[in-house]
Amino acid sequence: MLVAGIKSRPVYGGLNVDTHAKRHLFALEGEGALALMDQVKAVGPDFLEHSDILYVAAASAAHEHDKALAKLGADTLWVAPTIPVLLNRLNVMLGQAHMGTHIYLSGTEGFIGQAQQVAMNHGVDPASLHKEHRGSTARRVQCVHCKGITDNVTTSPYTCSACGLPLLVRDHYSRRLGAFQGVNIDAEEPGTAPKPQELFP
Amino acid sequence: MTINTEMKVRVAKVTQVADKVKRFRFERVDGEPMPVFSGGAHVIVSMRDGKALRRNPYSLMSSPEDTKGYEISVLRVENSRGGSAFLHETLKEGDELVLSQPVNLFPFDQRAKKHIMMAGGIGITPFLAMMDQMEREGKNFELHYAVRTRTHGAYWKDLQQRYGAHRVKVYCDAENLFIPVEKILANQPLGTHLYVCGPAGMINGVLGKARDMGWPKQNLHSEEFLAPPPGKAFQVKLAKSSRAIDVAPHQSILEALEANGVDAPYLCRGGACGQCETGVVSCDGALEHNDHFLEPDDKASGRKIMICVSRIKGNEVTLDL
Ligand SMILES: Cc1cc2nc3c(=O)[nH]c(=O)nc-3n(C[C@H](O)[C@H](O)[C@H](O)COP(=O)(O)OP(=O)(O)OC[C@H]3O[C@@H](n4cnc5c(N)ncnc54)[C@H](O)[C@@H]3O)c2cc1C
Ligand code: FES
């Protein structure tokens, strides 16, 4: 069960490397590494010498994409142990970045949403970000009741990790939080929530 | 039929501020306060000039906080079709005219980390109000202002005094000084926005350089004080009311409609807002698009026209009105 078709659902235009950019800053999570590899195939490797890559393997550790990224020979590559550590580093780098730097985000929706939030705090217009969804379609969802955030939600309804209510996942997306919205599904008659369906594998 | 409610105003003061530039202060006849506006906004000034009704857009340049009156600064253009000549040569203190509500098609981005403004000549006007607002809001900004000669340039001395010469740089054609666009755009912090107001050549040149230097289009803003060329007379047929109206060489389609009692919607009268978009049913010649609004394929389709600035080369056009 999903409430779909709400306008705020993000769309991702693809990484599309801009050859006018002076520098390229990639923040990639998990399968997002493959989005960058595809760009190298599409436009050639020249942009890599002006590129900084931040990578976190997250759920894709077994695929060893970090090794493949290292072989690209970008100007810098930095592999973070966790998403929050990567976001911290991204924040520091954006604070020193100049106009002409293009920012590329790829990975799961939850990751893209959080990285976008970091960029927006630096006055970057979200429409100027290059984004590509890769990997699991798992969502980061905020409970509208207790405001608790649950990462990697793959089903709807799901159980709120903070307050335990069964929540229906809506297509309503908050850019500020980088999260979808979850609303209680059995408010009238507790205990009558339908079985969770795997919707975001 | 516009979404504007118009305001009757009286000319409170006329000041010569530079060669060919006059400032006009307007206050409401009914003594009510003016609406607060945001820096970058313009109003449409309606002028009764003998038999002709002239309506031109002018940027508000006074402080957006000043609700006692609005001020505009007007350049007297050579070969004026009427508006700027009327304002300079006929309009006197105490005269009355009509203003539209302010409309802002050139607002600054509140989320920006830094604002860089580039003005050419009279294109300084929207920035005067913007800087007043930015200063009050504690924003980080700088202005680069190109003038033909020091006596043609309005306000540069006042601006340097008020904001400091490090934030207001003046470049004078006559002294062979030009805005060093590439140098300025290199090494600006992320989240900087660029605003350009001036002649078409300047706007295209600056924005082209910015794009070549990797600035995303979301950070680029411009406003042109469009003065499209006149042409030959032609006739407009209205499909819905089966009327035929003549458009004179020095008249826009919109003006010809208004002169014949047909009200069409508008906001900017400068080919930028999209409000006056009109369907073209047929045309026996070529459409001459002078606007910045329609996409190239819309222009090529021949099915749409912005009647505030565009005309036709031919004898007759039938509009979906
Ligand atoms: C958003 C905006 C803000 C502006 N702000 C300022 C400002 O602050 N200061 C300033 O000095 N100027 C400003 N201008 C320019 C101003 O509106 C006038 O264009 C200028 O004063 C010259 O007017 P004019 O009537 O003397 O002469 P012209 O430029 O000769 O005539 C303009 C008139 O021609 C009509 N027209 C338009 N297109 C055609 C066409 N294709 N064929 C025939 N007639 C046509 C228009 O209806 C307009 O009334 C601004 C313009 C815009 C769009
Ligand atoms: S009135 Fe704005 S484009 Fe014509």
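A residue is near a molecule if its C-beta atom, placed from the backbone, lies within 6 Å of that molecule. By that rule, 36 residues surround ligand 1. The model described here is predicted. Chain A has 201 residues, and chain B has 321 residues.

**The shell around ligand 1**

- Among the 36 residues around ligand 1, the closest are Ser80(B), Arg81(B), Gly83(B), Ser84(B) and Gly270(B).
- Three elements of chain B give two or more residues to this shell: strand 4 (52-59), strand 5 (70-75) and helix 1 (83-89).
- Strand 4 of chain B gives the most, with 5 residues.
- Sorted by class, the shell around ligand 1 has 15 nonpolar, 15 polar and 6 charged residues.

**Chain A as a whole**

- The secondary structure of chain A consists of 4 helices and 13 strands.
- Its C-alpha trace spans about 60 × 35 × 30 Å along the principal axes.
- A compact globule with 201 residues would have a radius of gyration near 17 Å, and the 18 Å of chain A agrees with this.
- Buried residues make up 41% of chain A.
- Among contacts in chain A with a separation of 6 or more, 69% are between residues 24 or more positions apart.

**Domains of chain A**

- Chain A is assigned domain 1 (23-133) and domain 2 (137-198).
- The centres of these two domains of chain A, taken over C-alpha atoms, are separated by 28 Å.
- Where the two domains of chain A meet, 8 residues of domain 1 are in contact with 8 residues of domain 2.
- On the domain 1 side of that contact in chain A, the residues divide into 1 nonpolar, 6 polar and 1 charged.

- Helix 4 of chain A covers residues 109-120, and at 1.5 Å a residue its 12 residues should span 16 Å; the end C-alpha atoms are 16 Å apart, which agrees.
- A residue counts as buried if 20 or more other C-beta atoms lie within 10 Å of its own.
- Because 10 of the 12 residues of helix 4 of chain A are buried, this helix is largely enclosed by the rest of the structure.
- The buried residues of helix 4 include Glu109(A), Phe111(A), Ile112(A), Gln114(A), Gln116(A) and Val118(A).
- Asp38(A) sits in helix 1 (residues 32-43) of chain A.
- Asp38(A) counts as partly exposed because it has 15 C-beta neighbours inside 10 Å.
- Between the C-alpha atoms of Asp38(A) and Leu86(A) there are 22 Å, and these residues are 48 residues apart along the chain.

**Backbone details**

- Most residues other than glycine have a negative phi, and most peptide bonds are trans.
- The peptide bond from Ser156(A) to Pro157(A) is cis, with omega near -5°.
- Pro157(A) is in the loop between strand 9 (155-156) and strand 10 (158-159) of chain A.
- Asn16(A) is a residue other than glycine with a positive phi, near 30°.
- The loop between strand 1 (2-3) and strand 2 (23-29) of chain A holds Asn16(A).
- Asn16(A) has 13 other C-beta atoms within 10 Å and is therefore partly exposed.
- In chain B, Lys20(B) has a positive phi, near 65°, and is likewise a residue other than glycine.
- Lys20(B) lies in the loop between strand 1 (7-18) and strand 2 (21-28) of chain B.
- With 18 C-beta neighbours inside 10 Å, Lys20(B) is classed as partly exposed.

**Chain B as a whole**

- Chain B has 7 helices and 18 strands.
- The C-alpha atoms of chain B fill a box of roughly 60 × 50 × 35 Å along the principal axes.
- For 321 residues, a compact globule would have a radius of gyration near 20 Å; the value for chain B is 20 Å, which agrees.
- Of the residues in chain B, 41% are buried.
- Residues 24 or more positions apart make up 67% of the contacts in chain B with a separation of 6 or more.
- Chain B is divided into domain 1 (7-99), domain 2 (114-223) and domain 3 (234-319).
- The centres of domain 2 and domain 3 of chain B, taken over C-alpha atoms, are 33 Å apart.

**Contact between the chains**

- Across the interface, 17 residues of chain A are in contact with 18 residues of chain B.

Note on methods:
Residues are numbered from 1 along each chain as its sequence is written. Chains are lettered from A and ligands numbered from 1 in the order in which they are written. This is a predicted model: local features need pLDDT of at least 70, side-chain atom pairs count only at pLDDT 80 or more; totals for chains, interfaces and linings use all residues. Domain bounds come from an automatic or database domain assignment. The expected span of a helix is 1.5 Å times one less than its number of residues. Two residues are in contact if their C-beta atoms, placed from the backbone, lie within 7 Å. Ala, Val, Leu, Ile, Met, Phe, Trp, Tyr, Cys and Pro count as nonpolar, Asp, Glu, Lys and Arg as charged, and the others, Gly among them, as polar. The radius of gyration is taken over C-alpha atoms; the globule rule is 2.2 Å times the number of residues to the power 0.38.
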